[in-house]
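Colleague: I have some questions about the wording used for this model. Please set each term against its cut-off.

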Amino acid sequence: MDERQLRVLRELGELGSVTAVAEALRVTPSAISQQLRLLQRSIPVPLTERAGRRLVLTAAGQALADAAIGVETALARARHTIEEYAEEPAGTVSLAAFHSGAAAFYPLLLRRLRAPDSPRLALHDEDVAQADFPPLTRVHDLVVAHRLEHAPPWPRTATVTPLLREPLDIALPVGHPLAARSVLTAEDVAGEPWISVHDGFPLLATVDAISAAAGRRVEIVHRVNEIAVVAEVVAAGGGIALLPRWTSRPHPGVVLRALDGIEVHRHIDVLHRPERTARRAVRTVLRELLAAADTVRGHGAG
């Protein structure tokens, strides 16, 4: 039995005929009869009987119709509860982001969501390969993820809200001979020792593209994922690296230079399951992420 069938039974008890029930519910009499037949299949005793040309409830049918009032009342309360939950402005929102994205966006969000009726943030850092970002939407309301320009798109199972298309620059130690140039080429940088990410992470494909453009394999001497650590290693003379222009914090010992001839951008997007934004609190955080992206784009993460 389901809610519609119980509603039909209840209305039959009150209105006294299939035709009257059909008019009240704005359906055809045959649709009402079908719902009654489906309900009867799950009940071991007759619920209705003929009284002349009319179909009326049996004693068992009337007992179930009376019980249907309690069912409808409970369901109405449940709907009201979920509506209140969905519209709660200060509900908790779980947000995950890769490390540099978290460093850029989390402080801005925390400052923007200080009002008493603002959503409560539950922040997480997730440093994962590109393919592992979409599964995080199972456990988090919103996931800030990144992928390279020509990487495979996100799967259709996730809803995608773009935040940034961020340039990637060559990071050099202050005083490096190449730092005197404003723009570099693949040939300029291919002979330098490199600091890159671990296998499977987005930035590695761009290093491979530099190798291809220069016609020689670059030497990767260090494997570091955390951008703040990469900047420290670059500043100490450990090699050069690719760093994002807006979401990496400025370092006094590092200069960034644009790379010419290769498409060096990454997309920063918010991934979520469609049903998550049924909640007002999640929609609010998503809106604030978009506003924060404008700040990051305009002023950098610092």
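Modeller: The terms are taken one at a time below. The model is predicted: local features need pLDDT of at least 70, side-chain atom pairs count only at pLDDT 80 or more, and totals for chains, interfaces and linings use all residues. Residues are numbered from 1 along each chain as its sequence is written, and side-chain values use heavy atoms, with hydrogens and water left out.

Colleague: Why is serine 118 called buried?

Modeller: Buried means under 20% relative accessible area, exposed over 50%, partly exposed in between (1.4 Å probe, protein chains only). Serine 118 has 11% relative accessibility, so it counts as buried.

Colleague: What does serine 118 touch, leaving out residues up to four places away in sequence?

Modeller: Pro89, Ala90 and Leu113, where contact means heavy atoms within 4.5 Å.

Colleague: Why are H1 and H2 called oblique to each other?

Modeller: Helix H1 (residues 3-15) and helix H2 (residues 18-25) pack at an angle of about 120 degrees. Angles under 35 degrees count as roughly parallel, over 145 as roughly antiparallel, 65 to 115 as roughly perpendicular and the rest as oblique; H1 and H2 are therefore oblique. Their axes are 9 Å apart.

Colleague: Which residues of H1 make the contact, and which of H2?

Modeller: H1 gives Arg7, Val8, Glu11, Leu12 and Leu15, and H2 gives Val18, Ala20, Val21, Ala24 and Leu25. By class, 8 are nonpolar, none polar and 2 charged.

Colleague: What does leucine 164 contact beyond four places in sequence?

Modeller: Its partners include Phe105, Trp246, Ile268 and Val296.

Technical notes:
Axes are lines fitted to C-alpha atoms, for helices over the stretch in contact, and angles run from 0 to 180 degrees between N-to-C directions. Helices (H or I, at least four residues) and strands (E, at least two) are DSSP runs, numbered from the N terminus. Ala, Val, Leu, Ile, Met, Phe, Trp, Tyr, Cys and Pro count as nonpolar, Asp, Glu, Lys and Arg as charged, and the others, Gly among them, as polar.
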